[in-house]
Amino acid sequence: MARLKISGLHKYYGKFHAVRGIDLDIPEGEFTVLVGPSGCGKSTLLRTIAGLEEADEGTIEIDGEVVNDMRPRDRNVAMVFQNYALYPYMTVFENIAFGLRARKTPKERVGPLVEKAAAMLDISALLGRYPRELSGGQRQRVAIGRAVVREARLFLFDEPLSNLDAQLRDEMRSEIKRLHQDLGKTMVYVTHDQIEAMTLADRIVLLKDGRIEQQGAPIDLFERPATRFVAGFLGSPAMNFVPAEIVGNDGDLALSFGDGRQLVLPERRRAAYAGRAGARIILGVRPEHMERDRGGNRRPGLDRMRMTIDLVQLTGSRTYGTFRLGETEVVAEFQVHDVEKPGEEFDLLFDMNRVVLIDPASDEVI
Amino acid sequence: MSGPLSASEAGMGFRIGLFADRRFKYLVIAPAVFILLFIGLFPLIYSLVVSFQNINMMEEDTSFSGLMQYRLLFQDLRLWQSLGHTLLITAIALPIELLIGLLMALLFLEHMPGRPVFVSLLVLPTMIAPIVAGATWRLLFDNRYGPINQVLGWFAGEPMTVLWVIKANLVYPAILLAEIWQWTPFMFLILLAALSNVDKNLTEAAEIDGASDWRIFWRIVMPAIWPVMAIALLIRGLDLFRLFDVVWALTKGGPGTMTETISIYTYIQGFRQFETSYTAAIAFLVIVMLSVAVIFALRRMEITR
Amino acid sequence: MSGASATGAARGGAGEDARRRRRRRGRRRLAARYVAAILITVVFLFPIYWLFMISFKTPEEIFHSPPVWYPARIQFDNYAVLFRDGDVVTVWNSLFVATISTVLAMVLGTLCAYSLARFKTGGDNLAVWIISQRMIPPIAIVFPVFLLYVWLGWVDTYHGLILLYTAFNLPYVIWMMRGYIEDIPVELEESALVDGCTRWQVMARVVFPMVRSGLFATAVFTFVFAWNDFIFALIMTRSEITTYPVQVTHYFGAQSNFWAKIAAMSALGTLPIFIAVAFLQRYLVRGISLGAVKG
C-alpha cells in the first residue's frame with residue numbers, strides 16, 4: 001500500500017505538451033480513476049508514474065520516495081496493459097510467475113503464490129495453457145493475476161477493459177472492484193469510459209488537454225460539476241446544453257428561451273444568480289432531470305413546460321424522447337409508458353434544483 | 001453493365017462468371033508454372049535419365065548402366081571432401097554472421113537520427129555481385145599490393161607478405177572473411193527489422209515485473225524474433241551450400257582441391273571433365289535431397305507461423 | 001481544481017539538475033553509438049572504397065608497395081580503356097538480359113501470384129513447391145538445361161540466357177507479389193466485380209495501382225539478382241554474349257591480373273546497384289527476407 005504524490009508534472013513529446021502541470025495527492029488504499037477523452041494525457045500520466053516515460057518537470061513520490069530517477073523495475077509497481085501484454089511463449093503459470101522469478105523469489109514460494117493469485121481470479125484451471133488458447137476475458141484475468149501476485153505497493157491499470165465486449169466489461173468491472181476491496185491496495189486506473197470511472201472510483205480525476213479539469217468523488221463531479229466539460233462528460237445519455245437568458249420578473253428569476261417559454265428558478269437558488277439578470281447563460285439539464293407531469297403533488301423547485309416530442313427511442317427499460325427547446329434538441333428520459341409515439345404533447349416537469357447554469361464565456365458552472 | 005438483369009440473364013451471367021473465374025485462375029498461372037516446370041521438373045527427370053547412362057568425355061554410351069554412376073559417387077573421395085568443405089564453411093560463417101548481425105542490430109535498434117543512411121550504406125556489400133565481392137577481396141588480399149597485409153604490418157611492426165589465397169592454412173580464413181563481410185549486413189537488416197517489430201508492451205511489462213535487461217532479452221525478445229531468425233538462417237544456409245562465386249574468384253577451388261565447394265566440384269566434373277552422366281547423378285541427388293530438406297523446413301515453419 | 005503550474009515550476013528547480021544529468025548521460029550514450037556505427041560502416045565500406053580507388057589509379061599507383069590509399073588524381077583512363085577495347089559491351093549485355101528477363105518474370109510472376117493469392121490455386125503445395133525452386137543450387141539445374149540448350153542451339157544466345165534468368169527469378173517474383181497482393185483488402189476487388197468488371201479489368205484497375213510500390217521493389221530486386229549472376233552466365237555463354245561478371249573473371253590471368261580492368265569493370269557493374277539501393281529504401285528488408293519481415 002502506498003501513497004502517491006505527484007507535483008507539478010510536465011511531459012513533452014517534442015513540441016507537444018502532453019501533460020501540463022499535474023498535482024495529485026492519492027492517499028493509501030484509494031482507487032483513483034484517471035478519465036478523459038482521447039489525447040487528454042491520462043495514459044501518458046500513468047506511464048510516467050510507472051517509469052515507462054520520463055517526466056520533463058515535476059516530481060513523483062511513492063511513499064515519500066522520489067522515484068523520478070528510478071527504473072520501472074525498481075519502483076515496485078504493478079501494471080495491467082490494455083492489450084494484456086502476456087508473454088506468448090509461456091504458459092499462464094509461467095506468465096504469472098515471471099515477475100517472481102525475475103526478483104529471485106525462492107522456488108518453493110513461487111508455486112503457492114501463483115496458485116493463490118490464480119484462485120483469486122478464478123483461473124486456476126488455466127494454469128497450463130498458453131495465451132493464444134484463451135479468450136479475451138481470460139487473458140485479462142491472467143494479466144491481472146500477474147500484477148496481483150507480486151505484492152507490489154501500487155497498481156496501475158491502462159484501459160484494461162477497452163478490448164472486451166460490453167458484457168465481459170460489466171463482469172470484469174465488478175471483479176476489479178472486488179479485487180480492490182479484497183486487496184486494499186492503492187490503485188490508479190485509466191479509462192475513457194465514464195461508466196467505468198463512475199462505478200470503480202473512490203476518486204475521479206477528469207483530465208482535459210493535459211490538465212486536471214476536476215477531481216473528487218464521483219458523485220461530486222456528477223452533481224456539482226465545475227465546468228461544462230465535466231458536466232457533459234459524465235452521465236449517459238449526456239447532459240443537454242440549452243442557451244438561455246436570465247430574466248427577472250417581480251422578484252422571481254427565470255430562464256428564458258428564445259421561443260418565449262420560461263422556466264422559473266427555485267427560491268433558494270435566486271440569491272446565487274441575483275446579480276445576473278439579463279445575462280446569457282447555458283442551461284445544463286440531464287435527461288433524468290425531466291419527467292412527464294402526471295398531476296399529483298409537485299415538489300418545490302419544479303417548473304413545467306408544454307412540449308411536443310419529436311423522436312422516441314425505446315430501450316425496454318426506459319424511453320428517451322427528444323424535443324425542441326429554443327434552437328436546441330433536448331433528450332429527456334422517461335418511464336416506459338410515459339411516451340409512446342412521436343407527436344405526443346404534454347407537460348414536462350423540470351427539476352430546477354438540480355440543473356446547472358454555465359457561463360458561456362468561461363464554460364464554468366456558476 | 002447497367003440496368004437490371006432479367007432472371008434468366010442473371011442466372012446465365014452467374015454461371016459464365018463462375019466458369020470464367022475458374023478458367024481465369026488456371027490460365028493465369030499457366031505460363032509461369034510451365035516455365036517453372038522447365039527448371040523444376042525437367043532437370044530432375046533429365047538428370048535421372050542421364051545418370052543411368054554412361055556418357056562422358058570419351059564415349060556417348062546411352063545404354064542403361066544401372067546405378068553405376070551412383071556407386072562411383074559414393075566412392076568418390078573428392079566429392080565427399082567438397083561436401084565437407086561446403087559444410088565447414090557453412091558451419092563457421094553462419095553463426096558468425098548471425099552473431100555480428102545481431103550485435104549490429106542491437107546497436108542500431110534504439111532511435112537514432114540518420115539511421116536510414118547507415119542502413120542503406122551497410123546493405124551495399126550484400127547487393128553487389130558475389131563475384132565482384134570475391135574479386136575485390138582478391139585485390140585486398142594481395143600479398144604485396146593489398147592493404148590487408150599492410151595493416152597487419154602496422155600491428156606486427158614489420159612488413160607482412162601473407163599469401164592469403166595461396167597458402168593452405170590461410171585460404172579458408174580468406175574465403176570466410178570475404179563471405180562474412182558480404183552477408184553479415186543481410187542478417188543485420190533482417191534482425192533489425194524483427195527486433196523493431198517486437199511488441200513494446202511485452203518488454204515494458206517484463207521490465208515492470210522486475211526482469212533484468214539480460215532476462216528480458218533471452219526470455220522475451222529472442223522467442224519473439226526466433227521465427228524470422230529461422231527463415232534468415234534457412235535462406236543463408238542454402239546460399240552457403242551453393243557457394244561458388246566468391247570461392248571461384250579467390251582460389252578457383254585451390255590450392256589443389258582444398259577449397260572446392262560442392263558446386264565447384266560439380267562444375268568441374270560437368271564442364272571441365274565432361275563427365276556428363278556422373279554430373280547428372282550428382283545433380284539429381286542434390287536436387288532431391290535439397291528439395292526434401294527445404295520443403296520439410298518450410299512446412300515446419302509455416303505451421304509455427 | 002486544476003493543476004497549479006506556478007508551484008510546479010518552483011518545485012521543478014530541484015528536479016532540473018537530475019534531469020540535466022540524465023540528458024547528458026543519454027547524449028553520451030548516443031554519441032558512443034554514433035562512433036560505433038561510423039566505425040562499423042567504414043569497415044564494411046572499405047573494400048568497396050578500395051575497389052573504386054584502384055579503378056581511378058595509374059598502374060604505378062596500383063602496383064605500389066606499400067599500397068596507395070588515395071590516388072594523386074582521380075583519373076578515368078582505366079574506364080576509357082574498357083570503352084576503347086569494347087569490353088563495355090558486356091555491361092550493355094548484362095543490362096539487356098537483366099531487363100528483359102525481369103520484365104518477363106514480373107509479368108508472368110505477378111499474374112501467377114494473383115491467382116495464388118486470391119484463389120489459392122494449387123493450395124499450399126504449389127506455393128511451397130514454387131518457393132523451394134529458388135532454393136535449389138543453380139549448378140544442379142543448370143547442367144541438364146545446358147544439355148538441352150546444346151541440343152536446341154541456344155547456348156551463347158540472348159534468348160537462352162534470358163529464358164534461364166526469367167525461369168530462375170520467377171519463384172522470387174511469385175512469392176513476393178503474392179505477399180503484396182494478400183496485403184490489399186479483398187473488398188476492393190469484390191466491389192469492382194460487383195460493379196461489373198472482368199477479372200482482367202480488376203487486375204489492371206484495382207490491384208495494379210495498389211501494389212505499384214511492391215511491384216517496383218520486387219522488380220528492382222529481380223533485376224539485381226539477374227544482374228549479379230555469374231554461374232549461369234559462365235556456363236551458358238561463350239564468346240557471343242558475355243555479361244560483365246564473366247568479363248571480370250577474364251581479367252584474372254594465369255600470369256598477371258589486369259587489376260585496373262578488374263576494378264573498373266567491377267565498378268561499372270556496381271553503379272546500378274547503388275542506384276537501386278537508393279530507390280529500394282523502404283522495401284529493402286521485405287525484399288531480401290523473402291517477405292518474412294515486413295520491415
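Two strands pair if DSSP finds at least two bridges between them, and helices (H or I, at least four residues) and strands (E, at least two) are themselves DSSP runs, numbered from the N terminus. The structure shown here is a predicted model, in which local features need pLDDT of at least 70, side-chain atom pairs count only at pLDDT 80 or more, and totals for chains, interfaces and linings use all residues. Residues are numbered from 1 along each chain as its sequence is written, while chains are lettered from A and ligands numbered from 1 in the order in which they are written.

In chain A, A:Glu291 stands opposite A:Leu349 in S19(A). Strand S19 (residues 345–351) of chain A is joined to S15(A) by 3 bridges, and the two run antiparallel. Both belong to an open sheet of 5 strands in chain A, with the order S15-S19-S16-S17-S18 and antiparallel pairing. Strand S15 (290–292) and strand S18 (328–334) of chain A are the edge strands, each pairing on one side only. From one strand to the next, the twist averages 50 degrees.

Chain A also meets chain B. Here 13 residues of chain B are in contact with 16 residues of chain A, where contact requires that the C-beta atoms of two residues, placed from the backbone, lie within 7 Å. On the side of chain B that touches chain A, helix H10 (200–209) and helix H11 (213–241) of chain B are the elements that give two or more residues. The largest share, 8 residues, comes from H10(B). By class, this side of chain B has 7 nonpolar, 2 polar and 4 charged residues; Ala, Val, Leu, Ile, Met, Phe, Trp, Tyr, Cys and Pro count as nonpolar, Asp, Glu, Lys and Arg as charged, and the others, Gly among them, as polar.

A further contact takes 80 residues from chain B and 75 residues from chain C. Helix H1 (residues 7–40) of chain B gives the most to the side of chain B that touches chain C, with 14 residues. That side has 63 nonpolar, 11 polar and 6 charged residues.

Within chain C, helix H5 (residues 123–134) and helix H7 (residues 158–183) pack at an angle of about 130 degrees, with their axes 7 Å apart. Axes are lines fitted to C-alpha atoms, for helices over the stretch in contact, and angles run from 0 to 180 degrees between N-to-C directions. H5(C) is therefore oblique to H7(C), given that angles under 35 degrees count as roughly parallel, over 145 as roughly antiparallel, 65 to 115 as roughly perpendicular and the rest as oblique. C:Ile130, C:Ile131, C:Gln133 and C:Arg134 in H5(C) meet C:Pro171, C:Tyr172, C:Ile174 and C:Trp175 in H7(C).
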